[in-house]
Each structure stands twice: as C-alpha cells, then as structure tokens.
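Visitor: I am new to this structure and would like to learn how to read it. Could you take me through it feature by feature?

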Amino acid sequence: MADINVKINGIPVTVPKGTTVLEAAHKAGIDIPTFCYMKEINEIGACRICMVEINEGRGFRLVASCVYPLAFEGTEILTNSPKVMDSRRKTLELILSTHEKKCLSCVRSGNCELQTLCNEMGIDHEEVYEGEKHVYEIDNSAVHMYRDNNKCILCRRCVAVCSKWQGVGVIGANERGFKTFIGSAFEMGLGETSCVSCGQCIAVCPVGALSEKDYTDTVFQAIADPTKHVIVQTAPAVRAALGEEFGYPIGTNVEGKMVAALRRLGFDDVFDTDWGADLTIMEEATEFIDRFKNGGKLPMMTSCSPGWVKYCEHYFPDLVDHLSSCKSPHQMLGAMAKTYYAEKIGKDPKDIIVVSVMPCTAKKFECQREDQNAAGVPDVDYVLTTRELARMIRRAGLKFTALPDEDFDNPLGISSGAGDIFGVTGGVMEAALRTAYCWLTGKDEVVEFKEIRGTDGIKRSEIDIDGTKIRVAVASGLKNAGELLTRVQNGEEKVDFIEIMACPGGCVNGGGQPQQPASVRNFEDLRVLRAKALYDEDAGKELRLSHMNPDIKKLYEEYLHTAGGHKSHKTLHTSYVKRSIN
Amino acid sequence: MATKTSVPFNGTAAQEAKLREIIKAHQDDPGALMPVLQQAQEVYGYLPIEVQKIISDEMNIPLEKIYGVVTFYAQFSLYPKGKYNISVCLGTACYVKGSGDIYDKLQEILGIGDGECTADGKFSLEACRCIGACGLAPVLTVNEDVYGRLTTDKVKEVLAKYE
Amino acid sequence: MKSLQEIQQICETMHPELELRHEGSTEAKSKYEKHVLICGGTGCTSSGSMEIVDTLNKELVARGLEEKIQVVKTGCFGLCALGPIMIVYPEGTFYSRIKAKNIPQIVQEHLIGGTPVKELLYDETVTDEGIKSLNETSFYKKQHRVALRNCGVINPEDINEYIARDGYKAIAKVLNEMTPEDVIQCILDSGLRGRGGGGFPTGRKWQLARTIVPDADQKYVCCNADEGDPGAFMDRSVLEGDPHVVLEAMTIAGYAIGATQGYIYVRAEYPIAVERLKIAIQQAREYGTLGKNIFGSEFSFDIDLRLGAGAFVCGEETALMTSIEGNRGEPRPRPPFPAEKGLYQKPTILNNVETYANVPQIILNGAEWFASMGTEKSKGTKVFALGGKIKNTGLVEVPMGTTLREVIEEIGGGIPNGKKFKAAQTGGPSGGCISAENYDVPIDYDNLIAIGSMMGSGGLIVMDEDNCMVDIAKFFLEFTVDESCGKCTPCRIGTKRMYEMLDKITKGQAELADLDKLEELCYYVKANSLCGLGQTAPNPVLSTLKNFRNEYEAHVLAKKCPAGVCKDLLQFTILPEKCVGCGLCAKNCPVHAISQGDYTAPGKKRAAFVIDASKCIKCGVCMSNCRPNAISRG
C-alpha cells in the first residue's frame, strides 16, 4: 500500500497506509503502553490503555492506537498530551479499583505490566475510585497452575492464546458488564476441563492472575536434605531464554552460567536433558523405522511434548495409538538416573530426587502421570519452569552475570547438536531424520533438513533416503496440530511421521519461559530469536548426531543393550489414555 | 470448585431427540449457536450443563464458548423457572410510575430475590426491561398474562389468581 | 409467485376497499358496510383486545352480520394509554378502553342502529357539535404519519392490504426504472438520517457499502429491530402494524448496495412482532417479493429473522453483527466500519426499523417530497414514544422541528394531576434530560445534541416535579451498568463507579467535591469507551448535572431530596396540629416506628403520634393511611 506522511508528537513519520498508530509510534521510537493487544490474535481494542489523540482533519479525539489504522496524509497524533496522560491515568485508577493490589506477595512483582505502568504514570493513590470489588476463589484445581481472578485485568490475552493458538478454548469471558470474569464453563476448575497444561496463558498474562504452581521451596528443601541425592537436568530451550531474566538480550545462550548456577544452588549432579533427547532419538528412530518397514501404525507422531500428548488424548482419542510410545527426554533421563546411574553410584532410587528445569508447565503434569516410573518411583520428582529457576537463583543471591561458564556433569551430560535442537519446532523431526538417514544409508554423515525449520505453523516435506520416500509433517501450536490431524484423519493428507509441539514455535516459546511484556512481544519474534540460540549451538558442535553420542553408546553397551529392546521398553516407553472434552 | 447447576436434571429422551433435530436443522448456518440455544431453551425451559454439552459436542464448539454466550444474554437461564414466572417491568415509563416498589413488594411477599424461584417451584421472579406496554405502566407479567396500572396493594390480588 | 401485473391487479381491486378506512374518501367502495378496526398491538393486547375481537366476531355471527361488517385486527394506533382501542369506519368513531361486555351494546346501537355509544367513546371526541372522528382529536391532528402510515390502518397479517396501500410499488419502481446508483442518490437527496440513534445519513451509508469493497462476493443488509431503549417502542409498532414495509425497504437497500441476503435482528421480547414478521416473510416469499428474480428481474433477495436474547448492547451495530455470528454480543473496534467489514467480515449496512419504514415512501414520492418536511439538517418526520407523566402516553409521529411544548402539551395532552413539567428525557440511556428552558426548541438531531441530549430512537419520557433528577440519572446508570458488555475498561468499571457515586449522592453520603469527580469521570468514559453504549452512558448524568445542578447540590449540601424521592434523605414527620390521634399510622407501620406522644395540640382531643426517625424505613405507609393528611415528607 501507498505510504503516507503523518506527524507523531510533531515528528514526521512515513508509514504505509493502514499501519496502526501503535506500529507507527513504535517506528518513531515511542512506546505506547498496551494491555489487551496481541497482534493478529487479540486486536480487540478493549483495555483502552493505549488511547492517543488523533486529528484527521476534524479536530483531535481519543482513539485506541493498537487497532486504529492510519488512513490520511497529514494526520497528527499526540501520544503524551495532557489528555492522553489523563486518560491513561484514569484507566489505571479504574483498573486498580477492582484489583487486589497485593504487590508485595505477588509472584509478578517486578515484572508485572500493570505495576510497571502505574509506576511510569506516577500513580500516587491506589484507591481513587472506591467501590464494589469482586472476591474470587483461587482456582488451584489444575496440576500445573493457579488462576487468581482477584488480580485479573480482563485483557483476555489468555483467552486469545487458548483458543486462537491452541484451539483448546477452555477459558473465556463469562457473564457480562462489571460481573465479567475469565473462567471455564459452569465455573469448573481448570483441572476439570480438557486444559492441556501448555501454560501459554501464563506466559502471556501481564499480571499475576496466572502462575505456575511453584516448587522452588520444595526443591530448596530437598537440596538441604542430606539423605537425598538431588539431580537436576535442564531442557534445551531453558538455556536459550534464562538469560532474559537477568538482563541478557533475547536469544542469548547462557548454558555455562546456568550450569554454574545450578551447581552453586547445591544440586548433586547437573545433567543435560539434551542427553535424554539423544536417547529419545535412539528409541524413537528405531520405533519409526520398525513401524515404517513392518506395517505398524502410521503416521507415527512424536510424544516429547506433554501438552500435545494431553491434547491428543482429549481431542483426538482415536489417534493415541499413533503416538510414539517413547517417554519424553527428561522422563527418559529421570528413568536412567534412577536405574542405570543409581546402580553406578550405588544409591537406592528412593533416595534420588530428580528435578527437571523445563520451559514447560505441562511437564508438571507429565511427571505425575502413571507409567512414568521405571524404578518403581517417579522418574522425575519435580518440574521447575525456567521462571522458577530464575527465582531460585535470585533467592540464593547468586550474581548470575558474574558466574563462570561451566560444563554439565557426566555421564548424563554430553549431548549432540541434534539433542540441542529438540527445543525448536522441527528439531525433533530433524534429529530423528539425521539418525534415520545414517541408519538407512549406513553412512554417518550430518544432513540438515532446513525445510522443516522456521516458524510456520505447519511444515511439510518429503525426504528421499536412497530411494526410500518418507513423508513428514511438523506442526507447532495446537490449533495447527488440530488442523493437520483433521486432514490426516479425513484422508486428505498422507504422512508417515509427524512432529507436534504444543507451543507455537516449539519449547523455546514454551509456557514456562520468561514472561516478556507486551512492549517486547508485539514487536519481537521470541520464537525466532530463541531458536537461533539453539541452531547456533548445534551448528557449532562436532557431535551432531544423536546415535554418535559416546555416553549414549556406552549406555546401550552397559545397560540397555538394544534400542527398542526389552529393557528399553520397561524403562523408556510409556502408554496413553483416552480422555473426553470438557 | 462446584459446578453451578444444583437442580437435578430431568431431561427426557424425547427432549434430547428434539434438540438433536434442532441442531441438525441449523448445521449449514454459520451463526447457528444463538438460534439453537434459543430453541433448546424452549425445549428444556433452561440450559443446564447437560444440554450445553450436547450442543458443544454436536456443533463442535467449546463448552466454555457456549457458556460464555449463555451467561452474556439475559434471556438465557441456567436454572429452571417457576410454574408461574413473574416479570416486573423496570423500564423507564414503569419505573417513574413506581414499578420499583411493586418489585420490592413481590420480593417481600414471595421471599425470593431476582432470578430466584420459590422453594415449591411455583413462582419465580425477575425484573425485565420495557415490554412496550408503557401505556399501562407500571406493568408486570405472569407467564403470558399482562397486568397493568398496578399499585402495591394490587400485587396480592394478582398473586391470588395463581394460588 | 405473483407477476408484477398480478400485484398491480391486487392493488387496484383492494384499494377502494381500504379507502373505506379513510374518512371522506370518494374512492371508497367496499363490499362491507363498515370496517371495525381493533388494535392488536402489544399495548392493547395486554389490556385484552384479543378477547374483544373474539367477542365481536361471535356477536356478528350470532346476528348474521359477518357479511356486512368486517373486523380487522390492526397494529398500533398510537394511543396506548386508552387501549383497548376500536375504530369504526367509514365514520372514524373512536372507542377507548372498551371491554368485552360492551360489545353487544356497540353492535346493537352503533353497528346496527347507526348511533355511536357515546359513553364508550374517547371523551375528547364527544362534543356539543357532535362526534369527532379519530383524526380530529388533538392527539392525531398535529401528527404527520409517514413511517406509521399503515399502522392502525391495515391488517398486518394480510399482504394484500399492504399492497392496496401502494405496497411493493416502490421495489417495482426501483427494479424497473432505477439503477442502484439512482436509488442511493434518491436516498441521499432526501436527507434521510438514521432513526436509531446517531443520525448518520442513510444514503451515505448505502453508498459506502456499495463502493468501498468493489469486488465483494457477498454483502448483507441488516435491520436493527433490537429496540432496547427503555420507553421506546416505535420499532415494535411498525413491525406489528406494518411488517411488509420493512421487508420492502430492505429489498430496496439490497438492490442499492448489491446484497442478496438480509437479516432482521429483532428482540425476542416482542413475540407479536416476531410472529407478524414470520407471517410477512412467508407471504412475501409466496408472492415472490422476496426470493429469486424478484418481479422477473435479475435481482434476488431473501431475509431471515434472528432473535436477540436480551442484551441492550446488541443495538450497537458491530455488537449486533457479532451476535448474529453466534457470539457474545461484544462490539468490535471501528474502523473497519461495517460498510467495509461487517457481518462475517463482509460489507454490511444496518438501519433501524423506522429508517427503513421511510424508504418506500421516499422512492414513490421522491426525495424532494421527503426533504420538504423537517428542518434544514433533519428531514422528514420522527416517531416519538411518549411516556412517563403525560396524559396521552403512546406513539406520535411529527415533522422534525416540532417543539417539545407542541408534542407534550398539544399532542400529549399535558401533564396529569395538575403537576408542573420538570424535564423531558430523550434518547434513553444514551440521552439526556431537557429542562423547561428548552421547551420551545425545535426537536431535531442537532438541536438535541446542542442541549445535551440526543434523538436516540425516540423515547420521550416526561417528568414532573415529583421526579428526582439524581434518581433518574442513577436509574439510567443502573441500566447501563447492567447492560455494559464488560469488554472495555471505561464502560465496565467506569459506569459502575459512576453509579456508585450517584448512589452515594442519593444517600446523602457525598460531598461537593464528589460532583466534580463524577463529572470528570463522565467525560473520561465518554471519550474513552469502545462503543456507543459507553460513549453515551454518561449523558444522563452530564445533562442533569448541567441542567439540575441545584438538585444535586441539595442532596450533597443540605442532604435533602427536593422531589422527595430518595428514601435515605426523606424524613416523615407527623404534624401535631393536624394529627387526630387515631393511631392508624402506628397500626400500619411495618417496623413499629410510630407511637403516641405526650403533646396534644390545641383543639385536639388526643395526643399526637410521633415517628422515631431512627427506626423509620421511609416506606410511606403511614402517609398513605393518614386520613387528615397530618404526615409530611421532606
């Protein structure tokens, strides 16, 4: 579209016609605060915090900058006039009149978008408008999270991601007017619904209304217990985002400092879930080749993402047989820690605690599933999100930026580049295909599969391995997954192998990752920036094939013997259930 | 947390068959949810979870979305109504002529509040907006019957007709 | 399916028949001697008009008169306060508030004997010079009926009667003689503005929808019949009395913008209107005035009904469309405007019932005819629903520019019980209260806005000295709070806080500074809300603050409610010099707040009773039971 010239606070800016005022202002270096706005999925103009003055030739008036398209040459915009400031302040004062205002005990204190803006706007009185305030019961019915509507500002970002990204839609606005609240049908607790535990709602919540169930205290206690051997492992995507909590630019890989921090927190072993990822590839590639060659259930679908697995059980129960029976990487590592490694160090599995640091809230659900206890005790005891780890580091007073870079412990700490990219959409598929390629051709060369990289919701490819054609599809974001599966179910699409990750862009954008405010989210693609950190790590490694991981080879020699063998099935594979939609 | 419906559901197979028929009749209509809910309420008298679940499953719409729609519109009810539903008009014309007092009087006599039903299931009470009988203000309706030019003294007479 | 010729034939045959209902018409030629029209609108139905229709029909059959006298169930005549209403043509005698038991007498004396039953006639029509007809009454005399021209004249359930009154002639003219651009030009030239609230030029809306998305594969014509303003019922009356006019106008609009599908979004609380619309759509499909290739042209158009479910906000155009799509009726930000992205993201126009009701007449009589009525910027007529403290509550249609005084005093018959006019509320919850000083301002869109109110859909509620303006503002705010959709912050929380402040004022708990705070919040909500509901919600407060500030100040400073409405500020006192000591007040007091005192006023036999203010709940029962009027309220 044609460019137009407008003036923002008197400064000329040229933008394509149709650009929103918010985007134009961003281009001019001005941040306009937003609460409800999320590009494409929540353009509802509801919170009114982004009001600016605009003059399109008929005098100045207030409009919502997030959804107001610039259409006329010479339009004048004021983003910080007294009228705008007054509007913004009153909106905040009104929101505060219904808000709980327990900042001191709020998990989001310090990175709450409401708190920050109140501070910026110089709000000096919290009770300008008194009046009726609802008192809501906190919903703690879900395994992975809380909803505290006493803090909710009704921006509806959680509602948008739940239905528009995830196609789940178990939360929404109920009632109307002043009584409006976000919840589930018939006031069901989230745990009673078909919520998949992905945690995307938490990741986008601007305030403390949504938060994961926090296990930091429990883990501190476990560490302090001299009778327990406490192992920690970290998922690939954690190192790509943890730095954001300590001021690093988005996409900085802080693996070395993270390991150092974990060691200083007092964990007995610091292992790498990437090692578990390599192990997963051994089992999953074996399973796929077996199904592909011997007429097993196809397409086979990956099972690393517990949000996706739960989604499949609720929404496509007829397809659970298509799921790979492999446990997810951190559960595999946990299983090996409590069997293979426990034997090695001569510990009773009951005395070993495995803590997984994950970019994910669904893992909190997963570790409590049945059939995830190779040693007769849960493979993984506690799952912490990236955010919880950051909290532990801060609570322990560790100066993260000043920490040295350190390496993971062995023997569950070495990993291939294939394991690293498990944290990105397409990564599991690429890792599996690299190994399958080697096994089918007999050549150990690294082949990259770039057509299944990137942030597209559904990616497809046909791989030709010495004449063997494998049709693969990769989806991230459960709405995309649902679309793909419906097509597969209706026979509109023929695929052999499907990778699905619940979160859009994969684990790097998981529901347990650091919360970035709207001012960042709306203008940066977190998925791309964080993914780059992992692809760079993979590219920089010598070891880029899972089956070439020496410690994995050793594991099979010493303990498991064959991939997909009897012992593997006992320890590394699991089963699924059919669930209903609520 | 408990679910909201506390009255036991007594839907019949015939009602369910009718509901499925209604949904089928609307299957190619993109905006079918509202008419389906309206007709479902005609069949059952209200929209409990059992009914909304059937609609959700058949129309492939998340239950929460349906619940969100149902709780948005005043006309949809999650609870059964009394045998005689009394609706007092609190529209402007009626209000300035004292319908608020009539409404208070009814609450007092029946011992129930807005949207509630007496324990014997006989009367339910609600306030409504203008029903367009402003010339008769203040007005109330008992099911289909309209009573106009009311005073608080006449309220008992009206109720007596349904004893 | 009927051809254009067949429709014309029906018109020619039926026209003289219908002319019998036109006093003094020379064209009248009916196979009946008399037509008896009985109002079947909501108002009269509520007061029992259907029973009268039944009784009359039985009586006529019993006396073998069914071939001589036609009974017609019509839509609303407008004078709802006098219902049930019955008109006998050709003379136009006007019976009001009749009961079924009066029927035999009317049949005997009037229909057979030829002498109207005077004591049952509307009193104003009985004069020394003889009996006046309906149209000579002060209520009807000053009216000019365009949108309501068929209401109370035809049987709304008979398409032939509509056709007899030039129905479907306009669409025939449009299809045969006019291009879509001609139609739009005609509506533009007429100066017709939206009758639903904002007063946006109708032709401009159509023009945008026709041109803004040139390659749209689908467009929609919607009719807003979700009349939600409490106290306004003109749209209902049109739908009940003349449903075909809406269908015809929407078809014309469809032709003009290039749409093939229409939706009427009508309140489910209007069962009679819904039923008549269903019948009308059915008949129109049978006659082929709706459906494929209307009158053999290339143009096809159909209409479906959608029922509202009790949400005032759905009167807002984007909310209405969101609702038709099957969602919570929450408004969407504009732009994009519906003309570009409306229903299902397709170009859509939305007009309200009264707007449409003008369209066929504009097409038939020409833009100039329409533009000759009204004021410079507000053309044509406007229907008002008169309500509140006024003698003739009901519907009136007057040319734009008529003054409030003419409407209230002359047509409305003034304020009953000798009370004084205090304010008129127009525009419902979006409008404001007009004070006596603007009694003579000509009513049109722009003048109303200038004096702090708005046209809205045309509710006109009259208030006298017994109405408290703070209480009225609170009443409207309570409505808005209830009906706010809850999407945007200013409306969801702001209106609630405004209501709470008003509540404080009516309870005597507010200070002077609170009035400024309230006013500031009003301006904020007005400027920042997402949709028209929130943007206009403060109007009832702002207009009363401006015009009746002294009344607010009385509540705040003196802690008094001058109109004696706000219960918390009332004090009931027994005047000893009037009290006869009968004790009826004490006997009836529900909280036993009254007892006999020690003081006996000179000339009284018994000691006066006194009210314990700390126990009194201000219910007023004592006052209504006191025979010597010894209790004062203030």
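Guide: Begin with confidence. pLDDT is the predictor's confidence in each residue, from 0 to 100. It applies here because this is a predicted model.

Visitor: What pLDDT does chain C average?

Guide: Chain C averages 93, and 100% of its residues score at least 70. For the model, the scores are ipTM 0.95 and pTM 0.92.

Visitor: Which domains does chain C have?

Guide: The domain assignment gives chain C domain 1 (32-133), domain 2 (159-371), domain 3 (381-464), domain 4 (469-558) and domain 5 (570-633). Taken over C-alpha atoms, the centres of domain 1 and domain 5 of chain C are separated by 49 Å. Chain B is divided into domain 1 (13-72) and domain 2 (84-160), and the centres of these two domains of chain B, again over C-alpha atoms, are separated by 30 Å.

Visitor: How should I read a place where two chains touch?

Guide: The size of an interface is often given as the accessible area lost when the parts come together. Here we count residues instead.

Visitor: How many residues of chain B and of chain C are in contact?

Guide: On the chain B side there are 28 residues, in contact with 38 residues of chain C. Helix 2 (33-44), helix 4 (63-72) and helix 5 (92-96) of chain B each supply at least two residues of the chain B side. Helix 5 of chain B has the largest share, 4 residues. By class, the side of chain B that touches chain C divides into 18 nonpolar, 9 polar and 1 charged.

Visitor: And how many residues do chain C and chain A give to their contact?

Guide: Chain C gives 23 residues and chain A gives 25 residues. On the side of chain C, helix 18 (469-483), helix 19 (489-506) and helix 20 (512-528) each supply at least two residues. Helix 19 of chain C gives the most, with 8 residues. The side of chain C that touches chain A has 10 nonpolar, 5 polar and 8 charged residues.

Visitor: In the largest nonpolar core, which residues touch the most other members?

Guide: They are Val246(C) and Ile252(C), in a core of 413 residues. Helix 11 (residues 243-257) of chain C gives the most to this core, with 10 residues. Leaving aside neighbours within four places in sequence, Val246(C) is in contact with residues including Cys223(C), Ile264(C), Val353(C) and Tyr356(C). Another core, of 14 residues, lies apart from the largest one; Phe572(C) and Phe609(C) are among its members.

Visitor: How do I read a sheet?

Guide: Strands of a sheet pair through backbone hydrogen bonds, either parallel or antiparallel. In chain A, 4 strands form an open sheet in the order 12-17-16-15, with mixed pairing.

Visitor: Why is one side of strand 12 and of strand 15 of chain A left without a neighbour in the sheet?

Guide: Strand 12 (300-301) and strand 15 (458-465) of chain A stand at the edges, so each has a single partner strand. Strand 15 and strand 16 (residues 468-476) of chain A run antiparallel and are joined by 8 bridges. Glu462(A) has Arg471(A), in strand 16 of chain A, as its bridge partner.

Visitor: Where in chain A is there a hairpin?

Guide: Strand 1 and strand 2 of chain A form a hairpin with 2 residues between them, and Asn9(A) in the turn has a positive phi of about 50 degrees. These strands of chain A run antiparallel, joined by 6 bridges. Asn5(A) stands opposite Thr14(A) in strand 2 of chain A. Strand 1 of chain A also runs parallel to strand 5 (residues 76-78) of chain A, with 2 bridges; there, Lys7(A) stands opposite Glu76(A).

Note on methods:
Residues numbered from 1 in each chain as written. Chains lettered and ligands numbered in written order. Predicted model: local features only at pLDDT ≥ 70, side-chain atom pairs only at ≥ 80, totals over all residues. Contact = placed C-beta atoms within 7 Å. Nonpolar A, V, L, I, M, F, W, Y, C, P; charged D, E, K, R; others polar. Domains from an automatic or database assignment. Core = buried A, V, L, I, M, F, W, Y, C linked by C-beta atoms within 7 Å. Buried ≥ 20, exposed ≤ 12 C-beta atoms within 10 Å, placed from the backbone. Pairing = 2+ DSSP bridges.
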